[in-house]
Amino acid sequence: MCLWFGCNCPRSVFREGVTTLIPKSAEAKLPGEYRPITVSTIIARLFHRILASRLEEHVPLSPLQKAFRGGDGLADNVWLLRSTLLDRTKHCKPVFVTFIDVAKAFDSVSHESILISARRVGVSETVTAYVQSPYNGTTTRLKAGGTLSDPIIVRTGVRQGDPLSPLLFNYVMDWVLSDLDPQLGITLKRDLHLNHLAFTDDVSLITETREGAKRLAQQFEKGLGEVGLLPNAKKSATLAITVDTRKQRWYCDSAAFLLLNGHKVPSMKIFDAYRYLGTAAGIRVDPLNVNERLRLGLDQLTSAPLKPQQRLFILRVHLLPSLYHQLVLDSVNASTVKWLDRAVRKKVRIWLRLPHDTQ
């Protein structure tokens, strides 16, 4: 490994991958209904895990970029966004939030921008030269029906399944977000200035004025274009809270005012919700229906041709943990938790053929 790193010449197998197409649904037929999953050699992943852990420790990034770092970045961003909206409405202060979705971000970012952004944040030239080598001539083979296709050259995007990829993508997004005007945004307590929240490609721009929101969005779109990315206007949204100074009241302005990539961005109403990091974001929104998610999961486990112990394993290891994120970050009351508990106990009694009064 020291030889590969010192000579900037990893084995050619490091540049090769195998892509398997996973259907998104049971009825998948068209290419767009499959999800490509690419895996490289285990030796490369182990080596790059070492490099990624050292880079994360020694190369600092903006504290507002929460993804693929120590701590619960999801909870931090969700809490900060909710606290900001609550504080601004409580004190009748305007705020404009722009939720921006980046189209196929990990697949479309340019290789050149990955290297530029790595140098920008202070990655040494030796490490940058090594990072560049796997991206020169990267290929993958499609695996279908037990056979492999001819090599396909990959010209854009970070390497899927590579431990270095999340960190390299963070460097690119840090470069894009650094061009945002620091004068735009809002001031929180203790003189903390905030104009964006970032979790990889999930970016929320925050400012006090409509014109400021337009300028931030334009700057962000320009930065994306420089690294080969585009915003997806249809999956983006704006939330505009304006204030009537005479009556000292705030209201949600649902008039669309923003364009991204030449398309109008939908504007949220007061009861609308935007799915932000797996939670419902908005002013007056109901939490996502966790009851329905659990009910569907339990019904699928019941109808599947599984043994009781297999159902219990999937319930404990997969189904219940899939709900934790929403249960922790959404506003879920005690009655909902009790309903979930009763529903799980009822199904377990059926699977194990236990008496109905078994606790």
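Reader: Why does F99 count as buried?

Author: In this predicted model, F99 has a relative accessibility of 1%. Buried means under 20%, so F99 counts as buried.

Reader: What makes F99 and Y274 a stacked pair?

Author: Happy to walk through it. Their ring centres are 4.5 Å apart, and the limit for a pair is within 6.5 Å. The angle between the planes is 15 degrees, and stacked requires under 30 degrees. Y274 is also buried, because its relative accessible area is 15%.

Reader: Which parts of the chain does the pair of F99 and Y274 tie together?

Author: F99 belongs to strand β3 and Y274 to strand β15 (residues 274–276), so the pair ties together parts that are 175 residues apart in sequence. Ring pairs also link F99, Y274 and Y276 into a cluster.

Reader: How many aromatic pairs does the structure hold?

Author: There are 5 aromatic pairs. One of them joins F96 and F257, with centres 6.0 Å apart and planes at 90 degrees.

Reader: How do you know whether F257 is buried or exposed?

Author: Its relative accessible area is 14%, and the cut-off for buried is under 20%, so F257 is buried.

Reader: What lies over the face of F257?

Author: That is R210, at 5.1 Å from the ring centre.

Terms used. Residues numbered from 1 in each chain as written. Predicted model: local features only at pLDDT ≥ 70, side-chain atom pairs only at ≥ 80, totals over all residues. Heavy atoms only, no water. Phe/Tyr/Trp six-rings, centres within 6.5 Å; stacked < 30°, edge-to-face > 60°. Buried < 20%, exposed > 50% of the residue type's maximum accessible area, 1.4 Å probe, protein only. Helix = DSSP H or I, 4+ residues; strand = E, 2+ residues; numbered from the N terminus. Lys NZ or Arg CZ within 6 Å of the ring centre and 35° of its normal.
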